[in-house]
Structures are given as C-alpha cells and as structure tokens.
Amino acid sequence: MTTKQNLYHSKPAQWAVYGLFFACIALIPTFVTDGFLLNQFAVYGIYGMLALSISLCWGFGGILNLGQGIAFGLAAYGMAMTMQMQSQDPDSNPIPPFMLNNSLEHLPWFWQPFWSTGGGILLALVVPTLFYVVFGTLMFRARVSGPFFAIMSLAMLSAFATLILDMQPYTNGANGLSPPAPLSLFGTDIDPYGKAAYWIVCGGLVAVTVGAKLLTQSKFGLVVQALRGDPERVRFLGYNVALYETCIYAISGFIAAVAGCLWVMLIQYVSPAQLDTTFSIGMVIWAGIGGRLSLLGAILGAFLIQGGQSYLGDQFLATWLLMLGAFFIVVVRFLPKGLAGLLEKILGHAARQPAKHARPEPAGLPAAGE
Amino acid sequence: MGVLEIRDLHKSFGGTKVINGFSLEVTELTLCCLVGPNGAGKTTTMDLITGRQKPTSGTITLRGDDITALSEHEIAQRGIGRKFQVPAVFRELSVRQNFEVAYSREVNPFRNMLRRRPPGFSEKLDEVVSLTGLKDRLDVEAGFLSHGETQWLEIGMVLMQNPAILLLDEPVAGMTEAEIEKTIVFLNRLKRTNTLIVVEHDMGFVRQIADVVTVMHMGAFLAQGKLSEIEADPRVREVYLGEPEV
C-alpha cells in the first residue's frame with residue numbers, strides 16, 4: 001500500500017505557499033491607497049515578524065520565551081533615540097526637550113552614538129541581540145529550561161520595563177519618546193503613511209521569513225528541533241546543547257529587534273508599554289493560535305488576532321477579550337499545533353483518501369492503452 | 001594497555017557511597033559485559049564515563065587522555081557513544097532525521113546553519129540502515145515505531161556517531177526472542193570494529209556476546225574474566241548468582 005505524501009510536508013508546496021503569501025502582501029499597496037490603512041497593514045507585518053520570532057524559539061527550539069518584548073522594546077528605544085537625534089542640532093540644540101525639562105545639562109554618554117543614523121540603528125539591533133546572547137548563555141549553560149526559563153524571561157522583561165520607567169531624565173519615563181520627525185534615510189524622509197515605509201516592512205518580513213525557513217531546513221534547524229524533544233540525547237551525540245539554544249534564542253531576538261526598529265519607523269513613538277508583559281504574552285498567543293511549528297502559521301496567527309482586535313475589538317469592546325480567551329482555550333485543547341496543525345490534518349486526510357478509492361479498482365484490467 | 005581506563009573511581013550522593021573505588025580497563029576491540037546485582041552501580045558507572053555525573057574522585061582516561069572533567073558533548077565528540085536503558089530517540093522526527101541528527105561529525109552550529117547534509121552522510125546512512133534493518137521505515141515518524149524498532153533506531157543512531165567505544169545499557173530489554181537473536185549476531189559482528197561495554201542482567205545473553213565479564217558489587221570491582229571463570233568464582237556466586245548451584 002502506498003500512501004501519498006501529505007502535501008503539507010512537501011517542500012515545493014511549502015515554498016509555493018510562501019511565494020503566494022509574499023505576492024499577496026506585495027500586492028496590498030495596489031489596492032490600498034489610504035495612508036492610514038497602509039500604515040496599519042505595515043504594523044501587522046511587524047506583528048507577523050514577532051510571531052515568527054516566537055515560532056523559531058518556542059515552536060522549533062522548545063524555548064518558551066515570554067519576554068520577547070525585551071528585544072522588541074530595546075530596539076524600539078534605539079530607533080526612537082536615533083530618530084530623536086536626527087531632529088537635534090549638535091551646535092544650536094544638542095539636547096532633546098524632555099531632558100531639558102528634567103534639567104539635564106549634557107547629553108548622556110549613551111545617547112552620544114545616536115547622532116549617527118547608521119550607528120544608532122546598528123546599536124538598536126546589536127545591543128538586544130548581545131543581551132540575548134549573554135542572558136541565553138547564562139540560562140542555558142545552567143540548563144534552565146521549560147517553565148523556569150519562561151518565568152526568568154518574564155522577570156527580565158519586567159526589570160527592563162521598570163528600569164526604563166525609573167530613568168525618567170534619560171528615557172522620559174512613562175511618556176516615552178516621540179521623535180518629532182519621520183526617519184530620514186540617505187537624505188530622504190520616510191513617510192510612515194507612504195508606500196516606501198510599507199515596502200521596507202514588507203521587504204523585512206520577506207527577508208526574515210525566508211531566512212528563518214532556510215534556517216529550519218538546515219542541519220542546525222534539525223538539531224534544534226531534536227533538542228526540543230530530548231536535549232539529553234542531543235548532548236550525548238556530541239552537540240553543545242547550550243550553544244545551540246543560545247543561537248536560536250539570539251536569532252529570534254534579532255528578528256524581534258528588527259521588528260522593534262521598523263515599528264518605531266511606522267509609529268514614531270515608543271514607551272515602556274512596548275515592554276509590557278501582556279504584549280509579550282500576546283506574541284506567544286499569536287504563534288500558539290496560528291501554529292508554533294509553522295513559521296507562516298505564526299505570522300498569519302498574528303494577522304488574524306490583531307486584525308480581529310482592530311475590527312471586532314472596536315465593536316465588542318471588553319467582550320472581545322473573552323472571545324479571544326475562549327478561542328485560545330479551544331485551540332490549546334483541540335489543536336495543539338494551532339490552525340496550521342488543522343491544515344496539516346486535513347491535507348493528511350486528503351492524501352489518504354485517493355488511496356482508498358484506488359483499492360477497489362479491478363486488478364485484472366490493463367489500464368494502459370485505454 | 002586499555003583503550004578506556006577507570007582508576008579508583010568514587011561517587012557519593014549525599015552521604016551514600018554509590019561507587020566505591022571502582023577500577024576497570026577495557027581492551028580495544030573487545031566486548032566487555034558489566035554485570036552485578038541491582039544497585040551495584042552499573043548505570044552510575046556509565047553516567048560517570050559519559051560525563052552525565054562527575055565522580056567525587058578518581059580518573060577516567062580514553063587512550064591516555066584524561067576525560068574525567070569533560071562535559072557530555074565533549075566526551076561524545078571524542079568517540080564514546082551511549083545507548084540509554086529507556087530508548088531515547090527523537091519521537092517527533094522521522095527515522096531519517098533521527099539518523100541525520102546522530103551523524104554528528106560537524107557540531108559547530110554556525111557551519112551547520114549553512115548546510116543540511118554533510119559529506120559522507122548517505123554512505124554512512126546506507127551502512128547503518130542495512131545493519132539495523134530500518135530501510136523501509138526511514139520516512140516514518142520515530143514515535144510510531146514498535147519498541148524493538150525503537151531500540152534498533154537508537155543503536156543505529158549511536159553507530160551514525162561513529163564512536164570508538166559504545167556503551168549499551170540493557171540493549172535487549174523489552175525485545176522479543178527473535179529480536180534478541182538478531183542483536184546477538186549484530187553485536188558479535190560489531191565487536192570486530194568497535195569496543196563495546198554492555199550492561200546486562202540476562203546471563204544467557206551475556207554468554208553469547210561477552211569476551212570479558214566484569215562483576216560489580218556495592219560500587220566496587222569484584223571479579224573479571226571469561227564467563228566460565230566468573231561463574232565458577234565463589235564470591236560471584238555468593239553476591240550475584242545467589243545460592244551456589246549444584
């Protein structure tokens with residue numbers, strides 16, 4: 001008996017679906033001419049990136065990370081600082097207004113590198129990634145895993161949020177940073193409501209998705225999936241498990257950092273709310289509902305939930321949270337692999353179905369030549 | 001000189017001495033069976049050799065290199081492979097993927113990001129698949145294998161690793177008679193190319209595979225020799241075989 005391969009697991013089919021998805025998001029600006037709507041769709045793209053980053057570390061690596069807001073938030077602050085300094089003048093007006101209100105007389109040393117746009121963006125990406133490398137090394141070397149790691153990441157997130165709130169003169173505390181002008185790259189302003197901003201986010205989403213997909217298909221990705229199930233076995237095969245875990249955690253952090261930078265480019269604002277625990281847990285819910293073992297599933301999960309929140313949330317107000325909660329419970333209980341897992345099941349049935357029909361075919365009749 | 005030498009190994013958990021001055025020398029290309037009553041410290045010895053536990057004192061050397069302080073993955077990279085008592089395979093991955101992970105010639109994560117199948121993989125896979133008889137099962141998810149097949153898969157994974165020394169902890173536990181027969185043939189062939197240490201309870205099985213039998217008792221070395229010599233040893237009869245047989 002030959003069972004056909006489940007289409008869900010076919011690599012060409014997977015890439016075809018990815019291609020279709022990329023084509024869809026690339027076509028959006030042709031239909032959507034309203035700047036505000038385009039900006040909102042771009043923001044969904046950011047949420048998609050965050051869900052993808054969760055899918056990488058939680059779905060593939062088994063590292064439940066409830067503190068992804070660390071990378072997102074730190075990078076967002078880095079980007080906001082860069083954009084803020086673009087509006088300052090080294091000679092006539094070197095200090096951002098909120099610092100003057102907090103009676104600072106000099107620009108703090110850690111704000112200095114943000115005079116340079118390139119350096120600022122680089123720092124916004126490198127600092128969170130390095131933090132993930134250090135924190136990951138500390139945790140994974142000590143073999144902290146599962147719920148214990150989740151709690152540690154959550155605690156670390158809260159610590160960062162508190163720190164930023166407390167450093168009012170340097171971070172503007174709860175008010176956050178709101179750079180007065182859009183990001184200027186190579187002498188051109190990037191209008192957050194224009195097509196250019198959308199294309200940048202779209203390109204970023206395509207790049208991280210393709211990169212993540214290739215990563216999961218590499219030997220590295222396979223080892224990471226193996227250690228999700230049995231880290232001990234992987235260790236006895238000769239792999240440094242802590243190093244692999246740190247790598248996948250830091251890569252996921254880097255993607256969240258990219259998302260943080262692009263988010264500020266679109267919103268022109270950042271506050272400690274971006275390091276709020278509910279936001280980071282929300283990312284895990286997106287990936288969980290969409291399917292944490294599917295990169296595209298996680299992205300679509302983010303689109304679905306955030307889209308639902310924007311449209312249904314306005315209509316139902318607090319009831320929306322109850323609906324979301326109920327939906328999450330149903331998915332966790334009946335679809336542990338999320339909506340992508342549902343698709344996998346359906347296609348699995350479809351693959352078996354033709355084999356069943358093929359069996360009663362009369363054996364004696366030659367099929368050829370008819 | 002032995003390929004693996006254990007000298008005066010001690011291990012205590014809290015105040016309980018589990019390994020108590022155990023020494024062992026394993027000769028290259030032999031199959032050494034480690035036997036002993038429950039609680040003799042056989043599995044703990046395996047844990048100490050593979051780095052899962054660290055000894056309180058004593059040294060373990062592999063071809064003259066001290067490996068006592070190394071971590072699990074470093075010891076594995078130096079060529080000690082281990083099959084667990086309860087078969088440990090990656091249940092969510094296919095049999096082929098299990099073998100791919102086990103082929104650990106390249107362990108650097110960054111180099112592994114850039115490629116999928118390192119050179120020499122398919123030759124090794126063919127070899128191991130024909131040895132373990134899993135040819136038709138390569139695309140099956142490992143969680144769906146029978147118990148016997150799972151045992152074979154894990155043995156195959158350890159072989160993919162290409163270890164100089166294989167540690168097998170009760171390899172035939174839960175196998176059917178036919179599977180045990182197959183394992184005996186297999187191990188006897190394997191000891192031509194590898195050094196093996198097998199922990200086993202079943203003396204019938206030990207008789208058919210062992211070159212050397214080492215008896216442990218209360219965490220210490222009790223006796224070593226051919227199975228016939230061991231069975232004749234009155235001390236061994238007392239502690240392990242129970243009452244002297246007629």
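Author: One definition is required at the outset: a crossing is left-handed if the near helix is turned anticlockwise from the far one by less than a right angle, and right-handed if clockwise. The model is predicted, so local features need pLDDT of at least 70 and side-chain atom pairs count only at pLDDT 80 or more, while totals for chains, interfaces and linings use all residues. Residues are numbered from 1 along each chain as its sequence is written, and chains are lettered from A and ligands numbered from 1 in the order in which they are written.

Reader: Is the crossing of α12(A) and α14(A) left-handed or right-handed?

Author: Helices (H or I, at least four residues) and strands (E, at least two) are DSSP runs, numbered from the N terminus. Helix α12 of chain A covers residues 277-290 and helix α14 of chain A residues 318-334; their axes come within 9 Å and cross at roughly 50°. Such axes are lines fitted to C-alpha atoms, for helices over the stretch in contact, and angles run from 0 to 180 degrees between N-to-C directions. The crossing of α12(A) and α14(A) is left-handed.

Reader: Why is α12(A) oblique to α14(A)?

Author: Angles under 35 degrees count as roughly parallel, over 145 as roughly antiparallel, 65 to 115 as roughly perpendicular and the rest as oblique. The axes of α12(A) and α14(A) cross at roughly 50°. That angle makes α12(A) oblique to α14(A).

Reader: Which residues of α14(A) make the contact with α12(A)?

Author: Two residues are in contact if their C-beta atoms, placed from the backbone, lie within 7 Å. From α12(A) come A:Ile285, A:Gly288 and A:Ile289. From α14(A) come A:Phe327, A:Phe328, A:Val331 and A:Val332.

Reader: How many nonpolar residues does the contact of α13(A) with α14(A) have?

Author: The axes of helix α13 (residues 295-316) of chain A and α14(A) come within 7 Å and cross at roughly 140°. A:Ile305, A:Gln309, A:Leu312, A:Gly313 and A:Phe316 of α13(A) meet A:Thr319, A:Trp320, A:Met323 and A:Leu324 of α14(A). Ala, Val, Leu, Ile, Met, Phe, Trp, Tyr, Cys and Pro count as nonpolar, Asp, Glu, Lys and Arg as charged, and the others, Gly among them, as polar. By these classes the contact of α13(A) with α14(A) has no charged residues, three polar and six nonpolar.

Reader: How many strands does chain B have?

Author: Chain A comes to 15 helices and two strands. In chain B, the secondary structure comes to 10 helices and, as for strands, 10.

Reader: What radius of gyration does chain B have?

Author: The radius of gyration is taken over C-alpha atoms, and the globule rule is 2.2 Å times the number of residues to the power 0.38. With 246 residues, a compact globule would come near 18 Å, and chain B agrees with this, having 18 Å.

Reader: Is B:Ile209 buried or exposed?

Author: B:Ile209 lies in helix α8 (residues 203-209) of chain B and touches B:Leu31, B:Ile184, B:Leu187, B:Asn188 and B:Val198, not counting residues up to four places away in sequence. A residue is buried if 20 or more other C-beta atoms lie within 10 Å of its own, exposed if 12 or fewer, and partly exposed in between, with C-beta atoms placed from the backbone. Because B:Ile209 has 23 C-beta neighbours inside 10 Å, B:Ile209 counts as buried.

Reader: How many residues does chain A give to the contact with chain B?

Author: Chain B contributes 24 residues to this contact. The contribution of chain A is 22 residues.
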